[in-house]
Amino acid sequence: MRVKQPEIIFEDDAVIVCRKEAGVAVQTARAGQADMVSLLKNYRAKKKEEPYIGLIHRLDQPVEGVMVFAKTKQAAAKLSVQVSSRSMEKEYLAVTEGIPQPSEGELCDWLLRNGRTNTSQVVEPGTPQAKDAKLRYQVEQTDEEQQKALVHIWLHTGRHHQIRVQMAANGTPLYGDQKYNPQAKKGEMIALCAHRLQFIHPATGKRMEFIVQPSGSAFELL
């Protein structure tokens, strides 16, 4: 996959907001594989700036959408507090196989991560090392014939593969999800987009909001 320079949506002295393409890792230890952090460091270096990039939050490699990165350690610290306090708002759009019932609601589960397989699963409450996971969803559009739905998702916690795992456990896995959807065909891209991001600017204190629309072909099926 040829990786191009990320699309910069907003930039000032404290933050860079950009769109991550599907298939690009946020950060990777693999030699020779471009990731968002290294691409943005190179971008800053070319502008003769200190190539510092603070990683604040993550998106799975196959997922596209909006992200914010810090340009200073002070900005990184303030943004990280917003993540840990859950005051940074994240919204997603997804296409599900199957139509969630009811058409809106909350999913509350306990997830256990398996580092060896890089997967997570829903487990019984109180399972050792499991973490609580909560999201809210609303069905925006449906295709009864194909049994697919466009779903708006508000993430209240940030667990490993959370949306993918919880929606699959709900009986409505994401279209194209190679890990959690047994119906996914090889080569399909997951239909999940980090659609909206809202946070308090770490330097100005201003509330910032950024919205991107999904580009994946799966979203055109509805």
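**Entry 1: Thr157.** I kept in mind that this is a predicted model. I found Thr157 in the loop that runs between strand S9 (148-155) and helix H3 (162-169).

**Entry 2: contacts of Thr157.** I looked up what the side chain of Thr157 reaches. It comes to 2.9 Å from the backbone nitrogen of Lys134. The side chains of Thr157 and Gln162 are also joined, by a polar contact of 2.9 Å. Setting aside neighbours within four places in sequence, I listed Arg86, Asp132, Ala133, Lys134 and Gln162 as the residues in contact with Thr157.

**Entry 3: the largest pocket.** I read off a volume of about 1,300 Å³ for the largest pocket. It is lined by 48 residues, and Arg58, Asp60, Arg159, His160 and His161 are the closest to its centre. I sorted the lining into 17 nonpolar, 15 polar and 16 charged residues. Among the elements that each supply at least two lining residues are helix H2 (73-84), strand S8 (131-143), S9 and H3. The largest share, four residues, comes from S5.

**Entry 4: the second largest pocket.** Here I noted about 280 Å³ of space. Of its 18 lining residues, Glu21, Ala22, Glu64, Ser215 and Gly216 lie nearest the centre. The lining of this second largest pocket divides into eight nonpolar, four polar and six charged residues.

How values were computed
Residues are numbered from 1 along each chain as its sequence is written. This is a predicted model: local features need pLDDT of at least 70, side-chain atom pairs count only at pLDDT 80 or more; totals for chains, interfaces and linings use all residues. Side-chain values use heavy atoms; hydrogens and water are left out. A polar contact is a pair of N or O atoms within 3.5 Å; within protein, one must be able to donate a hydrogen and the other to accept it, and residues adjacent in sequence count only if both atoms are side-chain atoms. Contact means heavy atoms within 4.5 Å. On a 1 Å grid over the protein atoms alone, a cavity is a set of points where a 1.4 Å probe fits but cannot get out, and a pocket is an open set with protein on both sides within 12 Å along at least five of seven lines; lining residues have an atom within 4 Å of a point. Grid points are joined across faces, edges and corners, and a volume is the space filled by probe spheres set on the points. Ala, Val, Leu, Ile, Met, Phe, Trp, Tyr, Cys and Pro count as nonpolar, Asp, Glu, Lys and Arg as charged, and the others, Gly among them, as polar.
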